[in-house]
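Hi,

Here is the structure I promised to pass on.

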Amino acid sequence: MQLDHSFTVPANPDDAWKLFLDLGRVAPCMPGAVLDTLDGDSFTGRVKVKVGAVQMSYRGEGTVSRDGSARSMHLDVSGSETRGAGTASATVTATLTADPVGTRVRVRTDLDITGRPAQFGRGIMTEVGDRIVQQFATRLEELLRDSGGSASVTATTGVVGSSGRLSPEPEAVDLGAAALPMLLRKAAVPTAAVLVAVVVIQRLRRRSRR
């Protein structure tokens with residue numbers, strides 16, 4: 001499925017683009033994700049999500065390419081559940097343009113997912129994506145604020161430390177909480193239909209007893 005999102009950050013396009021060049025600084029802003037290794041344009045990482053009491057962890061890899069003249073970044077990522085048969089792959093294109101409040105970031109995601117999260121339809125996945133993008137944008141704003149509104153590029157290679165230990169476990173992003181409003185809206189019509197059917201059946205039974 002294809003998902004489209006956008007958000008703004010309070011920085012001019014040049015400074016925002018410099019920040020996006022530094023994947024090692026931007027990746028931790030993504031809820032539920034950690035970056036384990038970064039070697040040139042290739043990286044590995046983990047994502048943890050939960051739906052209610054069920055948690056799912058994914059381990060994956062990807063590559064990134066950039067077009068400086070268009071301020072556009074393209075990511076190809078793929079991964080699989082560490083305990084399960086589910087898989088996920090996505091191509092993500094982020095484009096930065098000037099905006100009255102700073103920089104607008106438009107993100108287009110072509111997502112292919114199997115396993116338990118695949119039960120969510122496009123509407124719920126869009127709702128979940130909106131919540132995650134909002135959290136991502138908030139963390140980017142905090143990062144820009146901490147750096148004084150500018151971003152310098154630092155060479156980040158090998159996020160895994162010299163000891164060979166992975167980064168800390170990511171904090172699971174709760175897809176259930178994000179999807180709940182949409183699930184309730186989807187359930188409202190069937191629930192109302194069931195209630196109407198129950199009322200009709202009860203009335204018919206009362207009439208038959210007379």
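**Salt bridges and the core**

Arginine 108 and aspartate 4 form a salt bridge, with 2.7 Å between the closest N and O atoms (the term means a Lys or Arg side-chain nitrogen within 4 Å of an Asp or Glu carboxyl oxygen). That pair links distant parts of the chain, 104 residues apart: arginine 108 is in strand E7 (residues 102-113) and aspartate 4 in strand E1. Strands (E, at least two residues) and helices (H or I, at least four) are DSSP runs, numbered from the N terminus.

Before you go on: this is a predicted model, where local features need pLDDT of at least 70 and side-chain atom pairs count only at pLDDT 80 or more, while totals for chains, interfaces and linings use all residues. Residues are numbered from 1 along each chain as its sequence is written, and side-chain values use heavy atoms, leaving out hydrogens and water.

The whole structure has 5 salt bridges. Another of them joins arginine 71 to aspartate 14, at 2.8 Å between the closest N and O atoms. Arginine 71 sits in the loop between strands E4 (54-67) and E5 (72-81) and aspartate 14 in helix H1, so this pair ties together parts 57 residues apart in sequence.

There is also 1 aromatic pair (ring centres of Phe, Tyr or Trp, the last by its six-membered ring, within 6.5 Å; planes under 30 degrees apart are stacked, over 60 edge-to-face, the rest tilted). Phenylalanine 7 and phenylalanine 136 have ring centres 5.8 Å apart and planes at 90 degrees, so they are edge-to-face.

Cheers
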